[in-house]
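Here is a short tour of some contacts worth a look. Keep the 3D view open as you read.

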Amino acid sequence: MSIPQSGGGPIESYDDLVGYFEEGCKPKDQWKIGTEHEKFGYCEDKLMPLPYAGERSIKAILEGLQDRYGWNPIFEGEYLIGLELNGANISLEPGGQLELSGAPLDNIHQTCDEVNEHLKEVHTVADEIGARFIGLGMAPTWTHEDMPLMPKGRYKLMDSYMATVGETGKDMMRRTCTVQVNLDFASEADMVQKFRTALALQPVATALFANSPFKEGKLNGHKSWRSRIWRHLDASRTGMLPFVFEDGMGFERYVEYALDVPMYFVYRDGKYINALGQSFRDFLKGELPAMPGEKPTMSDWADHLTTLFPEARIKKYMEMRGADGGPWRRLCALPAFWVGLMYDQNALDATTDLIKGWTPEFREELRVAASVDALQAEVGGVKMLDLARECVAIAEAGLKARGREGAGGMVPDETHFLNALKDSIETGHSPAAELIERFNTDWNGDASKVFGEYSY
């Protein structure tokens, strides 16, 4: 979840909303890579979630990172709710999941170094207080009641609202983790081409990274329960956005979509003002019930955009949102997958050809099948494993064409970061399939064994 946005004057006209996205356009030589990943913290002896405060807590982790490694604190009122350093942020998801939002970097070598350094720092601090972290898409054993709600005004509002618009919002908030990558676009046309690829192929990422087969200690019947949660959360702000594939798609069309998504809040003077279910269109006219007579600023618009949760979304960059959280190798593999597909024009054109002719119904069926069966899914005669193999091959070609060296020139490109995905394709098994096999064999049906073997 995002921290409050800042800066930006009053919105003078509708064109300012469109201009917000246009400001994100960058020439190719300025494109960056930003990786985000979340992980669950827990008490090592009790295998229970870390509370917000106390000697062994999320707050203690944040304070340790601040004191030992020089991260700068971010407060909401009296509460320490995040850290920032050199363009990167550490923030808290609603259930205490710790998220690194990495700095915008030039290549995946740098991204992977950043992730590795972050995990080392977190491990060092956690070890001192008897805590550990684990990367999974869904909390494997904990109930909703086990998960603390972090002391952020945004989350308090969302928590009360979620039950009124869907079935699984509170589970999403407290019990899921993801890994994402944020990428740039050069123009409106480039954005549209990338957005269509991002949405259409998000189920492939879900299948490759599926890593959430447990719920409350039992098998849940899905390889990615996290993906299933997002499908039953809030139809007004989630999903595959069929309009993106229609003629006339562009920044203005996305603005129209965003304006139709009900609001959560307005952030003023360090506080979240309840605007649940209200309309940003009314806000533009100075008729928002929560703040009568006031009109929004650009930071209000930026905040509102963070409350849209489709499978891929745009701000001043594009976010890929379909993958479960996972182990270190896959935290590096996700940016490699999407950078390979998106940052080389030949690769991007190949994905455009690949998804040509897919109907909205097919894309949605693929999404559902990825959640249930991951790499073993099949829709309309299309096997997910074959689709994943083709996508990874395109991504590999794209990374080779980029030719971004690492290790002082000893590594010629970024293709080796795809190895974890190649392994899955070779075996036909997602991470979830491996966990299910362990659960049914040497773990003897004990899902808590995952903590000892899959923690950072």
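## Salt bridges, a hairpin and a helix pair

Arg-56 has a relative accessible area of 23%, so this residue counts as partly exposed. Please bear in mind that the model is a predicted one.

Arg-56 meets Asp-45 through their side chains in a salt bridge, at 2.9 Å from N to O. Asp-45 sits in the loop between strand 1 and strand 2, and Arg-56 in the loop between strand 2 and helix 2, eleven residues apart. Asp-45 is exposed, with a relative accessible area of 55%.

The count comes to 32 salt bridges. Here are some of them:

| Pair | N to O distance |
|---|---|
| Lys-32 and Asp-106 | 2.4 Å |
| Asp-45 and Arg-56 | 2.9 Å |
| Arg-438 and Glu-453 | 2.5 Å |

Arg-438 belongs to helix 16 and Glu-453 to helix 17, 15 residues apart. Arg-438 is partly exposed at 22% relative accessible area, and Glu-453 is partly exposed at 43%. Elsewhere, shared partners join Asp-171, Arg-175, Lys-215 and Glu-216 into one network of salt bridges.

Now for the hairpin. Strand 12 (residues 265-268) pairs with strand 13 (residues 271-274) in the antiparallel sense, over four bridges. Arg-268 has Lys-271 of strand 13 as its bridge partner. Two residues lie between the strands, and Asp-269 takes a positive phi near 50°.

Finally, look at helix 11 (residues 328-342) and helix 12 (residues 345-355), whose axes come within 5 Å and cross at roughly 90°. Helix 11 is therefore roughly perpendicular to helix 12. Gly-340, Leu-341 and Met-342 in helix 11 meet Ala-347, Leu-348 and Thr-351 in helix 12. The residues of this contact comprise four nonpolar, two polar and no charged.

Methods. Residues numbered from 1 in each chain as written. Predicted model: local features only at pLDDT ≥ 70, side-chain atom pairs only at ≥ 80, totals over all residues. Heavy atoms only, no water. Axes fitted to C-alpha atoms, helices over the stretch in contact; angles between N-to-C directions. Parallel < 35°, antiparallel > 145°, perpendicular 65-115°, else oblique. Contact = heavy atoms within 4.5 Å. Nonpolar A, V, L, I, M, F, W, Y, C, P; charged D, E, K, R; others polar. Pairing = 2+ DSSP bridges. Salt bridge = Lys/Arg side-chain N within 4 Å of Asp/Glu carboxyl O. Buried < 20%, exposed > 50% of the residue type's maximum accessible area, 1.4 Å probe, protein only.
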